[in-house]
Amino acid sequence: MTYAIIQNGDSRSFPEGDAFLAGGGVAGKAEVLVLLGRPRLAPDPAKAAVLVELETECLGFHTGEDMVEPSNVVGFARYRNGNDAPSPLVELVRQPNTTEDALAAARALFEGAGLTVVVSGDQAGRIIDRLVRPKYNAALKLLDEGLASQKDIDLTCRLGLGYADGPIERTMRGGLAEHHDISAALFQVYGTPAYAPARKALVAAQRRDEAE
Amino acid sequence: MSTPIKTVAVCGAGGTMGAGIAIVAARAGFRTLCYDTQAATLERSAKDTQAFFAKSVERGKLSPEARDGILGLMSRTSDLTDLAECDLVIEAVFEDLSVKRGLLTALDEVCRKDAIFASNTSTLSITEIAAGSSRPERVVGLHFCLPAQLMKLIEVSPGILTSKETLAAGLGWCAAAGQTPVLTQDKPGFILNALLVPFNNDAIRAIEAGVATAVDIDKAIKTALGYKMGPLELIDLVGLDTQVRLCEAFYPITLDPRASAPPLLRRMVAAGLIGRKSGRGFYDYSGQAMFGA
């Protein structure tokens, strides 16, 4: 599968030096277009797929949500905790009118690059952030309430659940302010308390904003 | 770490959790009394225990002599008065407050005044359980993880009236038994289930909301976060019926909407799709061997 990269800014999915960037060819000849770094969508129905890198926004932000025609536009995000190296997971995002062929092309491209692909509906937080942000908020709240020490909360999750790391150490490593921003974006959509940024995250975001 | 505890009794030792706790105790060198009201379940768990240690020998984790030594430390009884001289009694009976309180009341009559009572509850309050005893200062929470014979973690929780000495003794015994204790307050679900039960419900709600399939949710969580099992695989393993019971234990206390049982979960249980043990849950296990076999 040939692809071309059109980059508008820094990409969280494929940071500078990532091997995937080097594999891109010329846009005119490529089967798939990959738009990175807060891209502006330029529809190209002739391509097998046009892939749009997403941050916290929905794919609908780029495509509009009133399309009736079949679409070859597929959203994607490679999961990354803060400034950790990007994980192998790519969440593809489809809308109701996204074609199976476009999804298949996106899957083939990323799997061909050695990545693991899952498909999510165009909902805020996709799979990972939708599921982990409430858990991280809960863990931070339990820490604030003195349920246990940070060390013991993290150790419990590692030993009791087989997690690679605990929820608080992971949130801290990824950045409490970043956790705040993602949670706040989800809270705006879902409005449920679980997404309201935990106090520690709010404080971190306030301090960051003050410093800036 | 040294501990003055020499003899441990496990109540409910005919059950999966109780049998695992008894293995932990005996393997660490404690004389271990396995108590259960039902002799038949005790017999069954004794066979399972022997099979477990036989496997340990096969895999070279244990010598035949060590195995015999451990099994020699274990005895079984359905007579509560046999627990009279135990230093530590760990209850792993049915997760029902009145049952656990009733057991502690009965143990009060039988056990020495300096014996320590520990509860393996995963959902109930240690303080409320301890209210069944005339010596609540000697009651502490020791929550093991399934399968207890393999998992190192124990959540140690003092009730409101638990003495410092009892808490220290509980922590000390965990360490002496080769386990890893973590200290947590006496709150619903302690650490593990307080985080896990709502998270698992969220995964079910993501399916309900059409975010993704169970397969993709599990794959995403394992790939991105390095979890050994996805949330839906885990629910299938512990049982969807168990997840409902956990929700019913937590939600009325916490009123956390994430702890309430999602409608899809209830419908699947009603349909008999309760996970691995029924052959189908979020995944289909027909034709597959039992987990761990």
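I began with R126(A), which counts as buried because 28 C-beta neighbours lie inside 10 Å, and 20 or more is the cut-off for that. I note that this is a predicted model.

Next I looked up where R126(A) sits. I found R126(A) in the loop between β6 and α4 of chain A. Its phi is near 50 degrees, a positive value in a residue other than glycine. I wrote a reminder beside that entry: most residues other than glycine have a negative phi.

Then I turned to F190(B). Its phi is also positive, about 50 degrees, and it is not a glycine. I placed F190(B) in the loop between β8 (180-183) and α7 (192-208) of chain B. Is F190(B) buried or exposed? I count F190(B) as buried, because 27 other C-beta atoms lie within 10 Å.

I checked a peptide bond in chain B too. The bond from L146(B) to P147(B) is cis, with omega near -15 degrees. P147(B) lies in the loop between β6 (139-144) and β7 (153-158) of chain B.

Now the domains of chain A. The assignment gives domain 1 (3-121) and domain 2 (130-206). Their centres, taken over C-alpha atoms, are 28 Å apart. Four residues of domain 1 are in contact with seven residues of domain 2. On the domain 1 side I listed three polar residues, one charged and no nonpolar.

Last, I looked at the two chains together. I found 37 residues of chain A in contact with 39 of chain B. On the chain A side, β5 (89-94), β6 (116-121), α4 (128-144) and α5 (150-161) each supply at least two residues. By class, that side has 23 nonpolar, ten polar and four charged residues.

Definitions and conventions. Residues numbered from 1 in each chain as written. Chains lettered and ligands numbered in written order. Predicted model: local features only at pLDDT ≥ 70, side-chain atom pairs only at ≥ 80, totals over all residues. Contact = placed C-beta atoms within 7 Å. Helix = DSSP H or I, 4+ residues; strand = E, 2+ residues; numbered from the N terminus. Nonpolar A, V, L, I, M, F, W, Y, C, P; charged D, E, K, R; others polar. Domains from an automatic or database assignment. Buried ≥ 20, exposed ≤ 12 C-beta atoms within 10 Å, placed from the backbone.
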